[in-house]
Amino acid sequence: MTQITAGLTSIMWWPLAAGLAALLIAAIIAGLLAARRRRAQRTAIPVAHTGYLRNLPSFRAVVRARRRRLAIALAAFTLAGLAAAGLAGRPAERHVESERLATRDIVLCLDVSGSMISYDSEILGKFSQLAENFSGERIALVMWNNTSRTLFPLTDDYAMVKEELSNAAKVLDVDLAALTTGTPQTQQLLDLLAGTTALPGTSASLIGDGLANCVLAFDLSDQERSRSIIFATDNDLQGTPVYQLAEAATFAQERNIRVIGLFSPTAEGGSTKQRADFTEAITSRGGLVFDTGSPEAVDSIIDDVTSQQAAELDASPNVVITDHPERLAPVLLIGLVGGLALLGWWRL
C-alpha cells in the first residue's frame, strides 16, 4: 500500500477567513474607541491637585499592572478567536491512499496422523519461519488425518498466524505413548485434532484426500492469484482414500496450484518407496519436494514462492479525512479561561 499525506488542512476555508475578518474589525473598533476616549479626556473638566496622586509609585505600579493584564487578556482572547475560527474551518488530515494488494495465497497442509504427531511440532516451527519471511501473502493452515480441519483460513493477519502456529506446536510437542486419559495435555491434543478423525474404522493418513482438501481451501477462484500448497507428510497411507496422491496432485495442477512437498521420514513411514512415490507425484506435476530435515528447505521454499509471479490489483484511490479538533480545542479553552481570569482579577 502506498500512502500520500497532505498534512493538516481546513476542510472549510471561509470560517477561518470570517474569523480573521472579525478580529480585524474588532481591532479597528477598539482603536476607534480608544481614540474617542482620548478626545473625551482632552475635553474633560480639569481637577486640581491630582498630579500628586498620579506620581505616587504605588499608583503607577497599579496602572502598569492593569495595562499588562489588559494586554495579556487581549492576547488571550485573540488567540481564542483564532482557535475558534480554526475549529469552525474543521482542521483535518487528508490522506490519499492507493492500495496494491499482493495476491499470493499459501496453504500450509499438515498431516496430523499418528505417525506424524511426534514430528509435527518441528514442522510447524518451519511453517513459522516461512510466515516470518512473507509480506502481504495470505496464509492458511489445514490439518488432516482421515478428514480435514482448517485451523485458520487464508489471512494476512500475521500476528494471529504466529500465535496459532505457536500454540499448535506446543500442543503437538507430546509423547503419544506417555499420554493418559483425562489429563489437560491429552484434552488439549484432542481439541486441536478434533475434526481430523471423523471417519469410522481404521482409516488414517489419507494422503490424497488431505491434499485435495487443501486444494479446496483456496477462495476467490474467479481471480488471477498465485497459489501454493506446502504439503507435509510421511506418505504412510493407512486406508482407502477417495483421491490417490497422484489424482490429488493432478487436481491441484488443474487449478494452477503449485504443490511444494515436505517429506518427513518417520519411524512408521518414509520408506524408500514412499519417498519415491511422493516425489514422483509432486515433481511430475510441476512441484518441488524437500525433506523436513533439510537445512535449506525453508530458504528454498521462500525463494520458490516469492519468485512466482504475484498479480497485483489496482484499487481506486481512497481519500481519507481524519478530523483533528483536539489540536485547537485546548488553545480555545486556554485563551477563554485565561482572558476571563485576567479580567476577573482586574475587577477584583
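User: Taking a salt bridge to be a side-chain nitrogen of Lys or Arg within 4 Å of a carboxyl oxygen of Asp or Glu, how many salt bridges does the count come to?

Analyst: The count comes to six salt bridges by that rule. This is a predicted model, in which local features need pLDDT of at least 70 and side-chain atom pairs count only at pLDDT 80 or more, while totals for chains, interfaces and linings use all residues. Residues are numbered from 1 along each chain as its sequence is written, and side-chain values use heavy atoms, with hydrogens and water left out.

User: OK, which residue does arginine 138 form a salt bridge with?

Analyst: Its partner is aspartate 105, and the closest N and O atoms of the two are 3.0 Å apart. Arginine 138 lies in strand β5 and aspartate 105 in strand β4, so the pair ties together parts that are 33 residues apart in sequence; helices (H or I, at least four residues) and strands (E, at least two) are DSSP runs, numbered from the N terminus.

User: Is aspartate 105 buried or exposed?

Analyst: Aspartate 105 is buried, with a relative accessible area of 0%, where buried means under 20%, exposed over 50% and partly exposed in between (1.4 Å probe, protein chains only). Arginine 138 is buried too, at 15%. Aspartate 105 also meets arginine 225 in a salt bridge, at 2.8 Å from N to O, and that pair links distant parts of the chain, since arginine 225 is in the loop between α7 and β7, 120 residues from aspartate 105. Arginine 225 is itself buried, with a relative accessible area of 13%, and Asp105, Arg138, Asp219 and Arg225 are linked in a network of salt bridges.

User: What about lysine 273, which side chain does that one meet?

Analyst: The side chain of lysine 273 meets that of aspartate 277 in a salt bridge of 2.7 Å, N to O. The two are four residues apart in helix α9 (residues 272-283), so they are separated by about one helical turn. Lysine 273 is exposed, at 58% relative accessible area, and aspartate 277 counts as partly exposed, at 36%.

User: Switching to the sheet, what order do the six strands have?

Analyst: The six strands form an open sheet in the order β6-β5-β4-β7-β8-β9, with mixed pairing; two strands pair if DSSP finds at least two bridges between them. β6 (148-155) and β9 (288-291) stand at the edges, each with a single partner strand, so one side of each is left without a neighbour in the sheet. Strands β4 (residues 104-111) and β5 (residues 138-144) pair in the parallel sense over seven bridges, and aspartate 105 stands opposite arginine 138 there.

User: And how many of the nine residues of α7 are buried?

Analyst: Eight of the nine are buried, so α7 is largely enclosed by the rest of the structure. Those buried residues include Ile207, Leu211 and Cys214, and the buried residues of α7 pack against β4, β5, β6, β7, α8 (245-254) and β8, with contact meaning heavy atoms within 4.5 Å.

User: Last one, which residues touch the most other members of the largest nonpolar core?

Analyst: Those are Leu110, Leu124, Phe127 and Leu141, in a core of 37 residues; a nonpolar core is a set of buried Ala, Val, Leu, Ile, Met, Phe, Trp, Tyr and Cys residues joined through side-chain atoms within 4.5 Å. A second, separate core of 25 residues includes Ile207, Cys214, Phe218 and Phe231.
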